[in-house]
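Hi,

Here is the structure I promised to pass on to you. Have a look at it first, and then read on for what turned up.

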Amino acid sequence: MTTNGSRPEVLRYTAFSSDPGGGNPAGVVLDASALDDGEMLAVTAGLGYSESAFLTGPPEGLDGPEGRTYRIRYFSPRAEVPFCGHATVAAAVALAERQGPGPLLFATQAGPVPVEVTAAEDGTLRATLTSVEPHVEEVADADLAEALSALDWPAADLDPAFPPRVAYAGARHLVLAAATRARLADLDYDFARLEALMHRLDLTTVQLVWRESPTLFHVRDPFPVGGVVEDPATGAAAAAFGGYARELGLVPEDAVLTLRQGEDLGRPGELTVALRAGAAGGRVDTRGSGAAGGAH
């Protein structure tokens with residue numbers, strides 16, 4: 001779909017909320033074949049969103065649903081990122097509005113990501129993406145100390161039940177758990193210092209979490225490497241956190257987790273993380289609603 005002759009139309013969607021004023025907004029270009037990398041970066045920077053999704057035809061050899069399989073790339077205002085959950089949900093909802101609900105397959109830099117879109121009785125569209133195989137890594141003491149210093153978080157404010165780790169489910173995220181909701185709410189970090197550490201460790205966000213109940217978490221995601229202070233709703237980090245919580249035995253192998261994000265930014269959203277015992281490669285399902293009309 002194009003406007004102004006050959007220029008592709010840039011759609012605005014929100015993900016992990018059915019309210020355009022909530023969740024995380026993303027730009028979506030359903031046919032980005034006419035754009036080069038610099039133009040995709042410029043589109044995202046112009047929108048001011050944390051990430052946008054750019055779709056083209058599927059790569060050769062990818063076996064997916066006919067007419068519903070795409071290559072997808074994600075850009076922040078500063079750089080390309082390997083995987084972005086909220087922009088995937090936004091793109092899936094945009095496609096479902098035009099093609100109808102059903103299965104989709106996206107070829108990402110991190111690997112193939114299947115998505116299933118369903119419609120509720122009220123017409124709300126919900127997308128469930130299945131992550132690539134997750135894994136968890138230890139964090140060096142010096143790197144943890146630097147992250148806490150950049151955040152201005154005393155080590156005593158961490159929840160000892162949730163060990164700091166780097167978690168991956170398409171992108172790398174440093175997981176740090178706050179002992180209290182007040183600690184999570186008080187976020188005023190050294191942007192340049194945290195950005196430098198994240199570049200060195202190849203992190204996409206820092207996943208800050210507080211556990212309200214066995215399956216309910218509040219989360220925040222600083223994103224300085226993308227040129228954004230904080231990401232309002234982060235599907236890639238949610239999937240990575242699900243893999244982390246299961247691998248460390250913090251939740252059952254079969255569990256449904258609710259992650260609330262964006263409340264501290266005035267853009268509340270909800271992410272559902274489903275863990276399935278026996279899932280191939282331990283892959284994690286992340287689902288949420290989406291709607292046209294992301295913030296301007």
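Leaving aside its neighbours within four places in sequence, which residues is Trp153 in contact with? Before you open the viewer, please keep in mind that this is a predicted model. The partners of Trp153 are Leu148, Leu158, Ala178, Arg183, Leu184, Asp186 and Leu208. Trp153 itself sits in the loop between helix 3 and strand 12. With a relative accessibility of 4%, Trp153 counts as buried, because the cut-off for that class is under 20%.

Asp152 is not a glycine, yet its phi is positive, at about 60°. Is Asp152 buried or exposed? Its relative accessibility is 58%, and exposed means over 50%, so Asp152 counts as exposed.

A positive phi also turns up at Phe16, again not a glycine, with a value of about 70°. You will find Phe16 in the loop between strand 3 and strand 4 (24-29). Phe16 has a relative accessibility of 1%, so it counts as buried.

What does a polar atom of the Thr14 side chain lie 2.6 Å from? The answer is the backbone oxygen of Gly22.

Rolling a probe the size of a water molecule over the atoms shows where empty space is left. The largest pocket has a volume of about 230 Å³. Strand 7 (80-81) and helix 5 (191-201) are the elements that give two or more residues to its lining. In total, 17 residues line the largest pocket, and those nearest its centre are Val81, Pro82, Asp202, Leu203 and Thr204.

Best wishes

Definitions and conventions: Residues are numbered from 1 along each chain as its sequence is written. This is a predicted model: local features need pLDDT of at least 70, side-chain atom pairs count only at pLDDT 80 or more; totals for chains, interfaces and linings use all residues. Side-chain values use heavy atoms; hydrogens and water are left out. A polar contact is a pair of N or O atoms within 3.5 Å; within protein, one must be able to donate a hydrogen and the other to accept it, and residues adjacent in sequence count only if both atoms are side-chain atoms. Helices (H or I, at least four residues) and strands (E, at least two) are DSSP runs, numbered from the N terminus. Buried means under 20% relative accessible area, exposed over 50%, partly exposed in between (1.4 Å probe, protein chains only). Contact means heavy atoms within 4.5 Å. On a 1 Å grid over the protein atoms alone, a cavity is a set of points where a 1.4 Å probe fits but cannot get out, and a pocket is an open set with protein on both sides within 12 Å along at least five of seven lines; lining residues have an atom within 4 Å of a point. Grid points are joined across faces, edges and corners, and a volume is the space filled by probe spheres set on the points.
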